[in-house]
Every structure is written in C-alpha cells, then in structure tokens.
Amino acid sequence: MAFSTERRKDDTRKGNRNPYLADQANGLSLVANIVSGDKDLRAIQIDDIVDLIFSSCGHIRVTDEIQLSAQLKRLTERLKTPMRYKVLNGKSVIGVGGTFSAGKSSFLNSLLNDKSVLLPVAQTPSTSVSTYIMSGRDENITACNSFGREVKLNAEALQAISHDFREKHGLNLALYLDFVAVQSAAFPVNNVVLLDTPGFDNGVDIKNLGDKTRSQQALKSVDRLIWLVPARNATASAGENGEINFIKNLSKDLEVLLVISKCDVQREVYTAADPQNNYIVQKIRNDFVDNGINICGVIPYSTVDTDWPNGNSCKKQVIDFLQRTSRTSRTVSDIKGEINGIINSLRNDFYSSSNELEKQLNTIASQIDSAPNPLDIPSLIRLHGVLGSQFANIKFDKEIFENSVTKLNKWVSERLGA
Ligand SMILES: Nc1nc2c(ncn2[C@@H]2O[C@H](COP(=O)(O)OP(=O)(O)OP(=O)(O)O)[C@@H](O)[C@H]2O)c(=O)[nH]1
Ligand SMILES: [Mg+2]
C-alpha cells in the first residue's frame with residue numbers, strides 16, 4: 001500500500017485542522033481501521049447466481065428482460081451486506097447526484113442541519129465515497145469496508161474521507177470503502193435515506209478516474225434521484241457533459257427531482273419574483289425533459305439562504321418532497337415479494353414458451369401421421385427434430401433456473417434473518 005511520506009506544503013488549508021489529514025500517523029491509523037476484516041464471499045457469489053438465472057432464460061421469450069434483470073440486481077444489491085440491508089430496510093432510498101462541485105454535499109448538509117456531523121465540502125472534487133444519510137435516535141457514523149465489515153467512525157473521520165485525504169497522504173480511501181452511513185436526530189424525515197455520491201466529470205481527468213463508476217454503481221440501486229445542476233450552467237445544454245446519458249444508464253424511467261443549485265450566485269434567478277418559472281430554471285428542466293428524463297419536479301435552491309424564496313422556502317419544498325416519498329417506502333416483505341414477483345414472471349415465460357412448443361410439436365406429429373403426400377414427411381420430421389431439441393433445451397434450462405432460484409431464495413432468507 002502506498003502511503004506518501006512527503007509533507008504537503010498547503011498546511012494552511014482546512015485539512016490542517018483535521019487530525020486525520022494533518023497527521024500522517026493518525027491518517028494511517030484510520031486506514032488500518034478501515035481495511036481490517038475478512039471478505040464476504042457470499043455477497044460476490046449472488047451476482048453470479050442472478051446472472052445464471054437470466055442466462056438460463058436464453059431459449060425462451062422473456063417479457064421486459066432488461067428491466068427485470070435490473071430490478072433483481074437492485075434488490076439483491078440492497079441485501080448484499082447485512083449492514084446495507086439493516087440501514088436501508090423499509091426505507092426509500094433517494095440518490096443525490098450531479099457533476100463535480102454541483103453542490104451535492106452542501107445541499108445535504110443544509111438539510112441535515114446538524115453542525116456536529118458535516119459531509120466534506122470543497123471547491124475542488126471532494127466526495128470520494130457513497131454516503132447514506134438518515135434519521136436516527138443517536139448520532140452514529142458507520143463505514144462498511146469493501147470486505148463487508150462495519151467500522152465505527154467519528155465526525156472528524158467522516159470529514160477526512162474525501163479527496164483531500166489522497167491529496168494529503170497519497171492514498172485513495174475510496175478503494176477500501178463500500179459506503180458510509182450517517183444517522184442523525186436532526187435529519188428531518190423518517191423512512192427516507194439520502195445518498196451522497198462522488199461527482200462525475202465526463203472529461204478525461206486521470207486523478208478522479210473511478211468516481212463516475214462509483215457514483216453510477218451506487219445510484220443504480222436507488223428508488224428516486226435528486227439531480228443537482230448549478231444555476232450558472234444554464235447556457236450549456238445539460239446533455240453536453242454526459243449527465244443525460246449517465247441518468248439514462250441508471251435505471252429505466254427513474255423519477256428525477258431536479259434541484260437547481262447555487263441560485264444565490266445567479267442574480268436573475270435569485271431576484272426573480274417566481275424562480276420556478278424563470279427562463280434559466282425552465283431551460284435546464286426542458287433540456288432534461290426533451291431528452292427523455294422523467295422529471296417529477298424542479299426546485300431552485302440555495303444552501304446559503306434556505307428560506308429563499310420569500311414565503312416558499314426551498315428547503316421546505318425539498319423536505320415536503322422527501323415526506324411524500326417516505327409514504328411509499330419499501331419493507332422487508334416488499335423486497336421478498338418483489339423478488340418472488342420477478343421469479344414468477346420468468347416462470348410464466350418458461351411455462352408459456354414450452355407450452356407453445358409442445359403444441360407445435362403435437363401439431364407436427366399429427367401432420368406426420370396424416371400427411372396425404374409422403375414427400376412432405378421428411379421435412380416435417382426435420383422440423384419436429386429442431387423443435388424437439390429446442391424443447392429439450394428449455395427443459396434443461398428450466399432445471400438450471402430452478403436450481404439457481406433455490407440458491408437465491410436461500411441467500412435472501414439468510415440476509416433477512418428469516
Ligand atoms: N454560493 C453558493 N455556494 C455553494 C452552494 N452550494 C455549494 N456551494 C459551494 O460549491 C462548492 C462545492 O460544493 P460541494 O457541496 O462540495 O459540491 P459536491 O457536488 O458535493 O462536490 P463533489 O463531492 O466534489 O462532487 C463548495 O465551495 C460550496 O461551498 C450554494 O447554494 N451557494
Ligand atoms: Mg460532495
């Protein structure tokens with residue numbers, strides 16, 4: 001493991017006050033704490049099982065295969081680490097995404113309103129690890145390392161887990177961390193979890209390579225998305241920096257709330273009588289809608305003035321949105337039920353495909369029996385043979401399918417502690 005011994009010159013930066021950033025020995029102890037633990041092999045194997053379920057459907061016609069496969073992956077993703085499941089169980093997960101420095105972490109800090117727990121914020125690329133934020137009776141920060149093990153952290157360690165750590169110590173902590181979960185009594189809504197993600201940049205930025213993949217991976221399993229676009233970007237088309245494609249690749253028809261961030265620095269929006277209908281805000285919205293993104297609302301926002309606009313606080317608008325979402329959150333039985341629903345839909349497809357083939361085979365067999373012209377018989381026999389081997393393939397695939405489903409069900413029951 002590379003750990004830089006070089007002393008950084010920019011000791012006047014905020015990192016100097018953070019013990020894990022200012023002192024290499026402390027930084028190293030944080031790394032040692034994070035990387036301890038054994039790998040959870042069962043979490044890895046489940047991906048293979050899900051893949052096998054869908055590859056066993058290769059000889060049948062599956063309705064909405066891409067959607068079902070994405071849905072099943074999303075559900076198993078949630079159950080992968082016991083901690084992730086514990087944290088997300090029964091809650092609606094809303095991802096917060098956007099380009100670098102769009103204001104995602106500041107936005108979440110402003111909602112959290114808890115000065116003792118703050119997500120790292122900076123003008124340079126900052127967030128490096130996906131972080132779940134939710135309500136809780138006590139303040140609690142827990143990281144889950146890439147081996148599936150839980151690690152308790154304090155507020156200073158949370159601040160240090162950022163790109164600043166790599167700047168100071170030459171080591172990317174994101175490589176060893178799956179996610180961080182922050183619980184705070186100050187979080188305004190129960191049953192909703194917000195997910196802060198690293199920003200992405202479609203340009204070739206070697207230093208930050210991996211952030212885009214990390215946020216894409218994390219955002220694939222969310223129920224809804226809050227997408228931040230800074231107000232000043234309105235003149236550029238939203239599609240130009242790859243945001244549209246990025247969202248489209250997450251999951252089909254994902255509902256997106258657009259938050260137009262940093263409105264306080266865009267005079268036309270900030271002083272508008274009706275910021276929602278300001279042309280900059282509408283231009284950003286239309287770019288997304290015209291490109292096929294399912295936009296469910298637009299909220300112009302400012303983290304430095306959350307009461308703005310007068311009489312219609314942007315923060316309150318976001319909290320109202322979260323409260324509406326919390327009424328549709330998922331529970332354990334929903335997860336099991338949803339998985340069963342996907343499996344039953346695939347079973348039905350197996351049933352109808354083999355039924356259809358069987359009918360065709362019977363028809364051809366009776367045609368062979370009663371063929372008035374003996375010259376037709378060889379071609380009918382050939383066709384019967386082709387369809388017969390297709391039928392046999394499906395029977396064989398069905399066994400693999402049921403076998404994999406048994407393994408999946410066992411894994412799900414283990415994860416749910418049932
Ligand atoms: N004026 C103003 N500045 C803001 C606002 N929101 C964020 N900022 C500033 O924008 C910069 C980036 O903010 P972050 O919250 O770190 O942005 P991010 O999207 O989390 O950035 P990454 O994690 O690096 O992708 C910081 O300097 C913030 O202080 C806002 O509403 N108004
Ligand atoms: Mg951030």
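**Exercise 1.** In which sense do strand β8 and β9 pair, and over how many bridges?

*Solution.* The structure is a predicted model.
Step 1. Locate strand β8, which covers residues 255-261.
Step 2. Recall that strands of a sheet pair through backbone hydrogen bonds, in either a parallel or an antiparallel way.
Step 3. For β8 and β9 the sense is parallel, and the pairing runs over 6 bridges.
Step 4. As one example of a bridge, take E255: its partner in β9 is N294.

**Exercise 2.** Give the order of the strands in the open sheet, and explain why one side of β4 and of β9 is left without a neighbour.

*Solution.* Step 1. The open sheet is formed by 9 strands.
Step 1. Read across, their order is β4-β3-β5-β2-β6-β1-β7-β8-β9, with mixed pairing.
Step 2. β4 (150-153) and β9 (294-300) are at the edges and have a single partner strand each, so one side of each has no neighbour in the sheet.
Step 3. Ignoring direction, neighbouring strands of this sheet are turned against each other by 25° on average.

**Exercise 3.** Which strands does helix α12 lie across, and at about what angle does it run to β9?

*Solution.* Step 1. Find α12 at residues 279-290.
Step 1. This helix lies across three elements: β7 (224-230), β8 and β9.
Step 2. Relative to β9, α12 runs at about 165°.

**Exercise 4.** Describe the residues that surround ligand 1.

*Solution.* Step 1. There are 23 residues around ligand 1.
Step 1. The closest are G103, S105, S106, T127 and G199.
Step 2. Sort the shell by type: 12 residues are polar, 8 nonpolar and 3 charged.
Step 3. Helix α6 (residues 104-112) contributes the most to this shell, namely 3 residues.

**Exercise 5.** How many helices and strands does the protein have, and what share of its residues counts as buried?

*Solution.* Step 1. The protein has 15 helices and 9 strands.
Step 1. Of its 418 residues, 38% count as buried.

Conventions
Residues numbered from 1 in each chain as written. Chains lettered and ligands numbered in written order. Predicted model: local features only at pLDDT ≥ 70, side-chain atom pairs only at ≥ 80, totals over all residues. Pairing = 2+ DSSP bridges. Helix = DSSP H or I, 4+ residues; strand = E, 2+ residues; numbered from the N terminus. Axes fitted to C-alpha atoms, helices over the stretch in contact; angles between N-to-C directions. Contact = placed C-beta atoms within 7 Å. Near = placed C-beta within 6 Å. Nonpolar A, V, L, I, M, F, W, Y, C, P; charged D, E, K, R; others polar. Buried ≥ 20, exposed ≤ 12 C-beta atoms within 10 Å, placed from the backbone.
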